[in-house]
Amino acid sequence: MSKTSRTAIVTGASRGIGRAIAVALGGGGFNVVINYNSNAEAAQACAELVKQAGGQAVTVQADIAKSEDHRRLVDAAMETFGGIDVLVNNAGVAPKVRADLLETSEDSYDYLLDTNLRGPFFLTQQVAKVMIEKRASDPVFLPVFLPDNGGPRPCIVNITSISAYTASVNRGEYCIAKAGLAMMTQLFAARLAEHGINVYEIRPGIIATDMTGPVKAKYDKLILEEGLLPIKRWGHPEDIARAVLAIAQGALPYSTGQVIDVDGGFHVRRL
Ligand code: NAP
C-alpha cells in the first residue's frame, strides 16, 4: 500500500456519523483506519466505500472503552500506512435505557463514561505521543509563527454533542460524558499546540443514524412541527463529515480548541 498520503484513524466508523467521516476522508485521498466494536460486516462495507471514494482502508476491531485494545489501532495505522496524521474520536454510545437522573444505575454510568470519555482520553494520549514523535523528526516543522508551516498540521477531532451543554435529565450520564469530552478538547489543545498539533470539537445536533432511530417520532415532531431548529431538517452524517474533512485538510490552521457547531442552529438562543 502507498505510504505517501495522509492517514486518519476514525473510531466507530462502521456505521452512522463515523462511516460518513471515513468515506469523506477517503474522498480526500486519506488512508483510513476504520475502527468498529462488534459489526465487522458493516466495517467492511465502509472500507469498500472508502476505496470507491479514492482512499485506502483497513478495518480494525477495538473496543474503545478498553485501553488494552487501543494499541491495535495505532499499530494498524503505523504498519499499514506508516503514520497517523488525524485522529477522529467518534465512537460513542447512548444509554441502553433512558432513565431519570434519580434512577441512573452505576452500570449505565460506567458504560457511558468508559466508552464516551475514558476510552477517547487514553486513546488520544497514545496517539498524541506518536504524533509528537513524528513531528519532532519532521524536517519541515518549525514551532514558530509561520503561516502554513509545512502543510496541514496533524490534528485530533472530538465528536461531542449538543448534550455537552444541554441538560437531558433522562440521560444524564451521556451529557456528563460529552461535557467531559468538550473539556478534554480544551486540555489537549492547550497541551499539544507547542508540538504543532491542533485539536477541535465538533458538536453535532440531531443526526439521522441508528442512535436516534428509537426516538425518531419525537424528533420529527420537534424539528418539523415545533420549530426546535432554525434550519428545519434533521442533520445527516455527511453534514458532520464535511466539517471533519475541512479540518483534516487544514482549513483552520490558526484555530485550536475550537468548537464547531453542526446542529442546524440549535445553539442559537432565540426569543
Ligand atoms: P451509531 O449510528 O450508533 O454508530 C455508532 C458507531 O460507534 C458504530 O460504528 C459502532 O460500532 C461504534 N461503537 C460503539 N461503541 C463502540 C466501542 N465501544 N468501541 C468502538 N466502536 C464503538 O452512532 P452515531 O449516531 O453515528 O454517533 C456517532 C457519534 O456521534 C457518537 O459519539 C455520538 O454520541 C455522537 N453524536 C450523535 C448524534 C446523533 O444525533 N446521532 C448527535 C450528537 C452526537 P459497531 O457497528 O461495531 O457497533
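One cavity of 30 Å³ or more is counted, where a cavity is a set of points on a 1 Å grid over the protein atoms alone at which a 1.4 Å probe fits but cannot get out, and where lining residues have an atom within 4 Å of a point. The largest cavity holds about 50 Å³ of space, a volume being the space filled by probe spheres set on the points, with grid points joined across faces, edges and corners. Its lining consists of Arg153, Pro154, Cys155, Asn198, Tyr200, Ile247, Gly250, Leu252 and Pro253.

This is a predicted model, in which local features need pLDDT of at least 70 and side-chain atom pairs count only at pLDDT 80 or more, while totals for chains, interfaces and linings use all residues. Residues are numbered from 1 along each chain as its sequence is written, and side-chain values use heavy atoms, with hydrogens and water left out.

The largest pocket, a pocket being an open set with protein on both sides within 12 Å along at least five of seven lines, contains about 1,200 Å³ of space. Its lining is made up of 50 residues, and Gly92, Val93, Ala94, Tyr174 and Met211 are those that lie nearest the centre. Two or more lining residues come from each of helix H1 (16-27), strand S2 (31-36), helix H4 (106-136), helix H5 (172-192) and helix H6 (216-225), these being DSSP runs numbered from the N terminus (helices H or I, at least four residues; strands E, at least two).

The largest pocket is also the space taken by the ligand, on the rule that more than half of a molecule's atoms lie within 2 Å of the grid points. To the shell around the ligand, H1, S2 and H5 give two or more residues. This shell has 32 residues, of which Ser14, Ser38, Asn90, Tyr174 and Thr209 come nearest, a residue being near if one of its heavy atoms lies within 4 Å.

Among the polar contacts, which are pairs of N or O atoms within 3.5 Å, an N or O atom in the side chain of Arg15 lies 2.8 Å from an oxygen atom of the ligand. For Ile17, a backbone N or O atom is 2.8 Å from an oxygen atom of the ligand, and for Gly12 a polar backbone atom is 3.2 Å from a ligand oxygen atom.

Notes
A polar contact is a pair of N or O atoms within 3.5 Å; within protein, one must be able to donate a hydrogen and the other to accept it, and residues adjacent in sequence count only if both atoms are side-chain atoms.
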